[in-house]
Amino acid sequence: MKNIQSISFHTGSKEELLPDFAKDFPYIASKVELDKFMGRSAPWHWHRAIELFHVESGAIEYNTPEGNLLFPAGSGGMVNANVLHMTKALARAEKNIVLIHLFDSSLIAGETGSKIEQKYITPLVTAKQIEILSFFPENTAGQRILPLIRSAFHISEKERGYEIKLRETLSNIWLLLFDLAQPLLTDKKSPSSAKNSNKIKQMLIYIHEHFSEKLSVTELAGAAFISERECFRVFHDCLHMTPAEYIKSYRMQMACQMLVKTTDSITSISHACGLGGSSYFGKVFRESLHCTPLEYRRKWQDCDR
């Protein structure tokens with residue numbers, strides 16, 4: 001299980017980059033330590049992989065364009081393929097840790113076009129009305145599915161037949177998910193955010209590619225072939241923030257990664273992230289994280305040792 005303390009993105013599609021996600025066995029298990037993320041939250045992202053999660057400790061808020069859900073310790077859920085989402089750490093008295101299974105549907109569907117894919121996988125992963133499913137230990141659904149999600153983390157890679165055992169457990173979980181989702185699958189009405197999904201992703205991709213440059217709403221709107229007014233509306237409806245607020249937050253995320261993972265000077269990092277000179281960079285950094293860039297670097301580089 002890999003410890004995760006930040007998110008990286010593919011250079012092309014700008015989906016989340018999933019380390020160790022191999023084509024011959026498209027699965028990874030992660031221990032996400034949200035308290036070590038900038039702002040104690042994982043930024044807006046998406047991935048084609050299906051996400052099954054279990055909150056080990058603390059309390060986690062999952063946000064999607066349709067709203068937010070609170071998951072206390074012991075609860076869990078599923079984030080559907082390609083769903084834009086972010087997570088926040090809420091607990092202060094204990095660590096906020098979530099364990100995550102990420103896997104491509106082909107792991108349980110088999111060959112593309114198989115009967116399993118057509119009958120059990122495609123109807124669920126393409127259901128725009130299903131962004132996230134939640135499970136709590138006090139509910140019947142949670143009592144059935146949460147033990148399976150937890151047990152899958154305890155299958156050791158050193159065990160003989162590890163891959164088969166893991167696939168079997170994930171398949172059993174999926175069948176439960178499929179049955180539980182039936183009432184939602186019969187409702188073909190897409191959520192209001194569905195039509196904005198591609199628009200916001202196109203604009204986020206543009207920001208991720210050009211964050212070091214000066215960016216205007218005109219350019220963002222052009223990337224999604226929409227008007228400036230529509231650009232503001234889509235950001236508000238999907239991310240609940242303005243384009244400028246998202247640009248600033250993304251630049252700060254990149255700056256934090258550079259501070260911890262490189263030895264570049266504060267000045268070079270501020271320019272590389274589109275945050276101007278070191279004086280302005282220091283000002284916005286203190287406003288966001290309540291410490292200087294140098295203090296942040298010392299704190300988190302020491303944690304990595």
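Rings of Phe, Tyr and Trp, the last taken by its six-membered ring, are paired if their centres lie within 6.5 Å. The legends below describe close-up views of a predicted model.

**View 1. An aromatic cluster and the stacked pair within the chain.** Phe 53, Tyr 62, Phe 71 and Phe 136 form one aromatic cluster. The structure holds 12 aromatic pairs. One of them joins Phe 71 to Phe 136, with 5.8 Å from centre to centre and 15 degrees between the planes, a stacked arrangement. Distant parts of the chain are linked by this pair: Phe 71 belongs to strand E6 (residues 67–72), while Phe 136 sits in the loop between strand E10 (132–135) and helix H3 (140–152), 65 residues apart. Both Phe 71 and Phe 136 are buried.

View 2. Phe 235 lies in helix H8 (residues 228–239) and Tyr 246 in helix H9 (residues 243–261), so the pair links distant parts of the chain, 11 residues apart. Phe 235 and Tyr 246 are both buried.

**View 3. The crossing of helices H9 and H11.** Two packed helices are described by the angle between their axes and the distance between the axes. Here the axes of H9 and H11 come within 11 Å and cross at roughly 100 degrees. Because angles of 65 to 115 degrees count as roughly perpendicular, H9 is classed as roughly perpendicular to H11. On the H9 side, the contact is made by Lys 248, Met 252, Ala 255, Cys 256 and Leu 259; these meet Phe 281, Val 284, Phe 285, Glu 287, Ser 288 and Leu 289 in H11. The residues of this contact comprise eight nonpolar, one polar and two charged.

**View 4. Helix H11 and the residues that follow.** Helix H11 (residues 278–289) has 12 residues, which at 1.5 Å a residue should span 16 Å; the end C-alpha atoms are 16 Å apart, in agreement with that expectation. Buried residues in H11 are Phe 281, Gly 282, Val 284, Phe 285 and Leu 289. Just after H11, His 290 takes a positive phi of about 60 degrees. Cys 291 lies in the loop between H11 and helix H12 (293–304). With a relative accessible area of 16%, Cys 291 is buried, because the limit for that class is under 20%. Leaving aside residues up to four places away in sequence, Cys 291 touches Phe 285, Arg 286 and Tyr 296.

**View 5. The buried residues of helix H3.** Gly 142, Ile 145, Leu 146, Ile 149 and Ala 152 are buried in H3. The buried residues of H3 pack against strand E4 (50–57), strand E7 (76–79), strand E9 (97–103), E10 and helix H4 (162–180).

View 6. Arg 40 is placed in the loop between strand E2 (27–33) and strand E3 (41–45). Its relative accessible area of 16% makes Arg 40 buried. Phe 225, also a residue other than glycine, has a positive phi near 55 degrees. Phe 225 is found in the loop between helix H7 (217–223) and H8. At 73% relative accessibility, Phe 225 counts as exposed, because the exposed class begins over 50%.

Note on methods
Residues are numbered from 1 along each chain as its sequence is written. This is a predicted model: local features need pLDDT of at least 70, side-chain atom pairs count only at pLDDT 80 or more; totals for chains, interfaces and linings use all residues. Side-chain values use heavy atoms; hydrogens and water are left out. Helices (H or I, at least four residues) and strands (E, at least two) are DSSP runs, numbered from the N terminus. The expected span of a helix is 1.5 Å times one less than its number of residues. Buried means under 20% relative accessible area, exposed over 50%, partly exposed in between (1.4 Å probe, protein chains only). Rings of Phe, Tyr and Trp (its six-membered ring) pair if their centres lie within 6.5 Å; planes under 30 degrees apart count as stacked, over 60 as edge-to-face and the rest as tilted. Axes are lines fitted to C-alpha atoms, for helices over the stretch in contact, and angles run from 0 to 180 degrees between N-to-C directions. Angles under 35 degrees count as roughly parallel, over 145 as roughly antiparallel, 65 to 115 as roughly perpendicular and the rest as oblique. Contact means heavy atoms within 4.5 Å. Ala, Val, Leu, Ile, Met, Phe, Trp, Tyr, Cys and Pro count as nonpolar, Asp, Glu, Lys and Arg as charged, and the others, Gly among them, as polar.
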